Amino acid sequence: MYSAEPLPVISEMPEVITSVLNRAIATGDVSTGRCSPILFMLGINHRFGNIVLDEFVALVKRKPINGHGVLDEGHLETWDRAPDAPNMLHVGRAGSDVTTLFGLYRPWYHTVLVFALSLADATPIVGALEAYDKRVARSAVVLPSSAPVTLVACSADLVLVDQVGYAYSTYLVEAGQTKVFVIRPDGVIGAIIYDEEDVKKYFSRSFLDVIDERGH
């Protein structure tokens, strides 16, 4: 299933290389094309993959397939690299400290970011994630800076407060909006979704059978 994702990117590589070569031959300058943003590879994506799920981008609005696209900080879709965000206040039972979103991601499980106005708004989504083994997925509720930091009952693995608003801005989350991002173990966005039903839909695409931590 995953092996199909890189095929369009691979098929575009000869065209990209040939384009650079032709420019070098035409200008007589072998350095031509070195500064092309495409060669930085930061825009490489598999937005066209069949195991990603983006409920916020209508199919009719999707751009043509471009596996070597240029990084666009004002646009975020599935299979883009998950952005970082600093100054995230981690609120926990043992106190509070500051972390980054990159500090949460691990190459052996999915990290599910639940952007919500309150813990109550995030509860149904976090509850749906309890069905999955912690080795497969872990949750982090991301609250806006205006949210109270008083702890209430919540089964999320982490509760974060976006102190300076950078995460909400970078992940293009509007005020008062509930928006869920599933960050895959490879550090890219696997899903941008609305609710707990979408969570189930995404993991059903990625895994034939995901057992819970009790082995059921």
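The exercises below work through the fold, ring pairs and nonpolar cores of one predicted protein model.

Local features need pLDDT of at least 70 and side-chain atom pairs count only at pLDDT 80 or more, while totals for chains, interfaces and linings use all residues. Residues are numbered from 1 along each chain as its sequence is written, and side-chain values use heavy atoms, with hydrogens and water left out.

**Exercise 1.** State how many helices and strands the protein chain has, and in which order they run.

*Solution.* Elements are DSSP runs numbered from the N terminus: helices are H or I with at least four residues, strands are E with at least two. The protein chain has 5 helices and 8 strands. From the N terminus, the order is α-α-β-β-β-β-α-β-β-α-β-β-α.

**Exercise 2.** Classify the ring pair of Phe56 and Tyr194, and locate both residues.

*Solution.* Step 1: rings of Phe, Tyr and Trp (its six-membered ring) pair if their centres lie within 6.5 Å; planes under 30 degrees apart are stacked, over 60 edge-to-face, and the rest tilted. The structure holds 9 such aromatic pairs.
Step 2: the centres of Phe56 and Tyr194 are 4.2 Å apart and the planes are at 25°, so this pair is stacked.
Step 3: Phe56 lies in the loop between strand S1 (53-54) and strand S2 (88-92), and Tyr194 in the loop between strand S8 (189-193) and helix H5 (196-206), so the pair ties together parts 138 residues apart in sequence.
Step 4: the charged end of Lys179 sits over the ring of Phe56, 4.7 Å from its centre (criterion: NZ of Lys or CZ of Arg within 6 Å of the ring centre and within 35 degrees of the ring normal).

**Exercise 3.** Classify the ring pair of Phe115 and Tyr168, and decide whether these residues are buried or exposed.

*Solution.* Step 1: the centres are 5.0 Å apart and the planes at 85°, so the pair is edge-to-face.
Step 2: Phe115 belongs to strand S4 (residues 110-115) and Tyr168 to helix H4 (residues 166-170).
Step 3: both Phe115 and Tyr168 are buried (under 20% relative accessible area; exposed is over 50%, partly exposed in between; 1.4 Å probe, protein chains only).
Step 4: ring pairs join Phe115, Tyr168, Tyr171 and Phe181 into a cluster.

**Exercise 4.** Name the residues that touch the most other members of the largest nonpolar core, and the element that gives the most to this core.

*Solution.* Step 1: a nonpolar core is a set of buried Ala, Val, Leu, Ile, Met, Phe, Trp, Tyr and Cys residues joined through side-chain atoms within 4.5 Å.
Step 2: among its 28 residues, Val141 and Phe203 touch the most other members.
Step 3: H3 gives the most, with 5 residues.
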